[in-house]
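Trainee: Could you take me on a close look at a single part of this model, and then show me how the rest of the picture builds up around that part? I am new to this, so please take me through it in one go.

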Amino acid sequence: LSLFRLTLRRPFSTSRSSVDAKEIKKFQLLAHKWWDEEGEYSALHSMNDIRVPFIRDTLLSMSSNYHGRAPLAGLKILDVGCGGGLLSEPLGRLGASVTGIDPLEDNIRTADRHKSFDPVLAKRIQYKSSSLEEIVEESVETFDVIVASEVVEHVADLETFIKCCSQVLKPEGSLFITTINKTQLSYVLGIVVAEKIMGIVPEGTHEWEKFVPPEELEHILESNGFSVKTVSGMLYNPLSGSWSWMESTSLNYAVHAVKSGAPPTDTSSEMDIQQCSATAGTA
Amino acid sequence: GQLYSLIVGHDIHFHDKKIALLEAGPRKEYDHMPDSYSNRVSSISPGSATLLSSFGAWDHVCSLRLKPFRRMQVWDACSEAMIIFEKDDLDDMGYIVENDVIMSALTKQLDAVADRVEVFYRSRAVGYTWPLSSHSCDTSPWVQIELADGRRLQTKLLIGADGHNSVVRKEAEIKNIEHQYDQSAVVATLHLSEATDNNVAWQRFLPTGPIALLPLSDTASSLVWSTSHEHASELLAMDEESFVDSINSAFWSNINHSDFIDTAGAMFRSAISLLKPSGTAVRQLPPSVAKVDPESRAMFPLGMGHATEYVHHRVALIGDAAHRIHPLAGQGVNLGFGDIACLVHHLSAAAFNGSDLGSLKHLLKFETDRQRHNVSLIAATDVLKRLYSTRLAPLVLLRTWGLQATNALPPVKVRI
């Protein structure tokens, strides 16, 4: 068995961590701009208008206890790649206990400072500068919900990322992902127009190569113990600055998946935990 | 301010929010009303009544005192033209309620949500510190308020409900378009010569301004007479008998008619009755006044106002702080209630989305909704006021025919 572990350890080097050092650099420059609603991150601010109701309503429909309480009361949510806390704060206001993690310390600092002015949020949200792998060991099956919004198009290794999500999620827990499809259309609109022409997204934020088609994401999810419940396309209107849902997933899309309740077989789960924590050691 | 706090206090989406209400006056609550009527009354539309009943305040109003009215007759002093509003079914068109009654009902209901709404009676804000809209992370992004007694409050959203001379509006540097009418309104509580059903609201447009009689009970009515400042002072100064005579004469006298206008009006009326037989109605006579309550005469100046913006980052204006209107249409209070219902609707949706309540995005939606609604009403009221302030024949003819036509046309009337 120990031989088995040694063999597995070797292929895992920094390049297999889900955190990509080049990506980090891009966000460093804009770490203090998160909370300017009209600034570089305005599209993310307005995305809250559809992603928060999506998360809220999905979770409400799965639970049976909403009368006079906050919609997300009693839920522990992990916001992976929380940035400045744009999504953590609304989720906290709706009653959830939120843990926001981001590999960039400057982002965490911004997020911490912003929540500190609101006594209610300051208690409900905890931020930590960390990668997903680094918290796996101490957070096995801890969270009811994981939210990874506009994150998977920045990670180095999607498979590892999804495996780690599964580790920290309780059985039957929900995983919400929003990301960008890899299509000709998303190249033209998502990179050329959005970044270079209209400046909706800061230039260089996205790399088309790392966009994830929904089929690929679904496949990875299903083969890692998740059951995909919803896939829905999203559309940004630059004139009105607002998002809406649409049938086609050729640009942006959102996914809701649920971790299966049946525990995986013993050997595979041990392998997964080692994968995740081994990566953390070398990251 | 009280009404807003009340509705928000009751809304389920605000269950964990804290609301502070700064009230300049003392606490006012009545278990039963004094025998005499207060001279400040409001005309409450059915929509506003529904709003008040949605959180239990209307029951208190009903248990104190109010007068429903079924019909409204509006006519011109310079011609025979008139327009009558009434509902086909036996529903009430509206209610005349003393302002004190409304305040007392709201106060009672505020007690019911005391865990969420804290009322600071006899308090006054002396200073406001506004957040910078771009978040420089060192200073608090909330609004800081300093009270006269030295206490400090901070809030995510400041609502200015402090009347047409709003301090909040001035401090937020929101420009206000305003115009003083050369008119004052004289109010009084009147006693009728004989008891009657008194379920009609009367308004006659005199060249000097509209005079209105609003029913309070079978024997009492409230007077709202908009007229020039000089005339208003005279009315206040004269003895009670002369005052009563002036009122009766204003409603009954035909001194402003001219043969020309009468003939033209009569011609138009027969034309209408050919086209639309039911389109002319019988003019009823208003009740005559016998007495005025001794201490009840008062006057206050009239003006029009409209704030160029209703909202800024973390600030919203409602009611008279946002807009001021001539009383001739009896809409001032209802406009304010409409503001409140709209603001609560948008804030409730924002709270359900976990948004920061002071965020400009949803505040702008409130502003757009209400400005669209309010501006046209305020402008129309202003035009009516000016149109009816003259004896010039062409304008009198215009408004005579206009009024007669409007009376005959159901779609237009229903809209009003």
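Mentor: Let's begin with A:Leu86, which sits in the loop that runs between strand S1 (76-80) and helix H4 (88-93) of chain A. Keep in mind that this is a predicted model. Is A:Leu86 buried or exposed? With a relative accessible area of 4%, A:Leu86 is buried, because buried means under 20%. Now look at what surrounds the residue. Leaving aside residues up to four places away in sequence, A:Leu86 touches A:Trp34, A:Trp35, A:Tyr41, A:Leu44, A:His45, A:Asn48 and A:Arg51.

Next, find helix H3 (residues 42-62) of chain A, where A:Asp57 is found. The relative accessible area of A:Asp57 is 36%, so this residue is partly exposed. The C-alpha atoms of A:Asp57 and A:Leu72 are separated by 9.7 Å, with the two residues 15 residues apart along the chain.

Let's turn to the cysteines. As a reminder, a disulfide is a covalent bond between the sulfur atoms of two cysteines. What about A:Cys165? The closest cysteine sulfur to that of A:Cys165 is in A:Cys164, at 7.3 Å, and this is too far for a bond. The cut-off behind that step is that the two sulfur atoms must be within 2.5 Å. Both A:Cys82 and A:Cys165 lie inside the protein by the accessibility count: A:Cys82 is buried at 5% relative accessible area, and A:Cys165 counts as buried at 0%.

Two residues in chain A deserve a look for their backbone angles. Phi of A:Glu141 is near 50 degrees, which is a positive value in a residue other than glycine. You will find A:Glu141 in the loop between helix H7 (132-136) and strand S4 (143-149) of chain A, and at 39% relative accessibility A:Glu141 counts as partly exposed. A:Glu172 also has a positive phi without being glycine, this time near 70 degrees. A:Glu172 belongs to strand S5 (residues 169-180) of chain A and is exposed, with a relative accessible area of 53%.

Now for how helices pack. Two packed helices are described by the angle between their axes and the distance between the axes. In chain A, take helix H8 (residues 158-168) and helix H10 (residues 214-222): their axes come within 10 Å and cross at roughly 45 degrees. That angle makes H8(A) oblique to H10(A). The crossing of H8(A) past H10(A) is right-handed. On the H8(A) side, A:Leu158, A:Glu159 and A:Ile162 take part, and they meet A:Glu216, A:Leu217, A:Ile220 and A:Leu221 of H10(A). Sorted by kind, the residues of this contact are five nonpolar, no polar and two charged.

Chain B gives you another pair to study. Helix H9 (residues 332-352) and helix H10 (residues 360-387) of chain B have axes that come within 9 Å and cross at roughly 160 degrees. H9(B) is therefore roughly antiparallel to H10(B), since angles over 145 degrees count that way. This crossing of H9(B) and H10(B) is right-handed. The residues of the contact divide into nine nonpolar, five polar and four charged.

Finally, step back to whole chains. Chain A has eleven helices and eight strands, and 52% of its 283 residues count as buried. Chain B has twelve helices and 20 strands, and buried residues make up 51% of its 416 residues. For contacts in chain A with a separation of 6 or more, 72% are accounted for by residues 24 or more positions apart. In chain B, among contacts between residues at least 6 apart in sequence, 75% join residues at least 24 apart.

Key. Residues numbered from 1 in each chain as written. Chains lettered and ligands numbered in written order. Predicted model: local features only at pLDDT ≥ 70, side-chain atom pairs only at ≥ 80, totals over all residues. Heavy atoms only, no water. Axes fitted to C-alpha atoms, helices over the stretch in contact; angles between N-to-C directions. Helix = DSSP H or I, 4+ residues; strand = E, 2+ residues; numbered from the N terminus. Parallel < 35°, antiparallel > 145°, perpendicular 65-115°, else oblique. Left-handed = near helix turned anticlockwise from the far one by under 90°. Contact = heavy atoms within 4.5 Å. Nonpolar A, V, L, I, M, F, W, Y, C, P; charged D, E, K, R; others polar. Buried < 20%, exposed > 50% of the residue type's maximum accessible area, 1.4 Å probe, protein only.
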